[in-house]
Amino acid sequence: MSRFEQCVRAFFLTAVVMVFSLGESVAQESFRLFSGARFFTGIDWGYYLVSGEFLVPAGGRPGSGSKVNAYSDLGITQTEAVTLTLEGTILDDHSFNIDYSMFMPSGLSRITRDFLFHNRLYLEGSLIDSKIDFNWFRFFYCYSAYEEGSVRISPGLGLTHVRFGATLNNTTDDGEFVSNSRRLDVTYPTLGLEIRFLAPYGLDFKWQMEAMSLITRGFVSMSKASASWEIYPDINISLNISNRITQSVEDNQDLNNEWLFSLTGMSAGIAFGF
């Protein structure tokens, strides 16, 4: 059983125990740090499918890099992820989400073609141990512009910062272990929309979409559908389905760093209110 499966099983077991053990105490009042505002902070565990490619030359020199495909070249198809979350509602009309996600896909593959990564040539038949990591910081603010019954529609704006890293490890014919790493990052402003349905019994259904395309830098998009349940005052559990796409293209050198990746998957989380 993987660590993700263990976490999800423990998560749901905890939720079930709490629901059946707390009984009528759910009528207790929620704790509020500030009047007119409510916040939740927590953690999500997720499992995602990964696809994409990257080009990382050395110092922008032509002939020092070529495109590398995560699946066909490195055998990377999936990853687990952890997300730290903070969300809040202020004066009922203003809300925000802050989350920091860490994706850590890895692969082991005997490559079927030659390619260049950061001015190092990897020959066909080489066994490559690869690691890709994404550190994804996201801030999204929205304002409730339309409300009808339990439905709220809120336009929003945000900021997304993505830090991409790639590490390729292999052993030369002489038995020497070689590790080659590169870290890159990019920041995007975003525009988006949130549609929210507040259901009875503490259920909250939410869909968020945000994106931005910058002509000289690439684009980013994020779509997320979530269902959360306040099983006890100030304790939320949630299930989420999301897709994130990030593309970055530099234009400041002869041969530029670039990447394009899609991360699609599910996550489960728990959050505590204050």
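Aspartate 133 is buried (under 20% relative accessible area, where exposed is over 50% and partly exposed lies in between, for a 1.4 Å probe and protein chains only), its relative accessible area being 18%. The side chain of aspartate 133 meets that of arginine 183 in a salt bridge, 3.7 Å from N to O; a salt bridge is defined as a side-chain nitrogen of Lys or Arg within 4 Å of a carboxyl oxygen of Asp or Glu. Because arginine 183 belongs to strand S11 (residues 177–198) and aspartate 133 to strand S8 (residues 127–143), the pair ties together parts 50 residues apart in sequence. Strands (E, at least two residues) are DSSP runs numbered from the N terminus. Arginine 183 is partly exposed, at 35% relative accessibility.

The model is predicted, with local features requiring pLDDT of at least 70 and side-chain atom pairs counting only at pLDDT 80 or more, while totals for chains, interfaces and linings use all residues. Residues are numbered from 1 along each chain as its sequence is written, and side-chain values use heavy atoms, without hydrogens and water.

The structure holds 14 salt bridges. In one of them, glutamate 210 pairs with arginine 138, the closest N and O atoms lying 2.3 Å apart. This pair links strand S12 (residues 203–214), which carries glutamate 210, to arginine 138 in strand S8, 72 residues apart. Glutamate 210 is buried at 2% relative accessible area, and arginine 138 is buried at 1%. Salt bridges with shared partners also join Arg38, Glu230 and Asp234 into one network.

A further salt bridge, 2.7 Å from N to O, is formed by the side chains of aspartate 73 and arginine 113.

Note on methods:
Helices (H or I, at least four residues) and strands (E, at least two) are DSSP runs, numbered from the N terminus.
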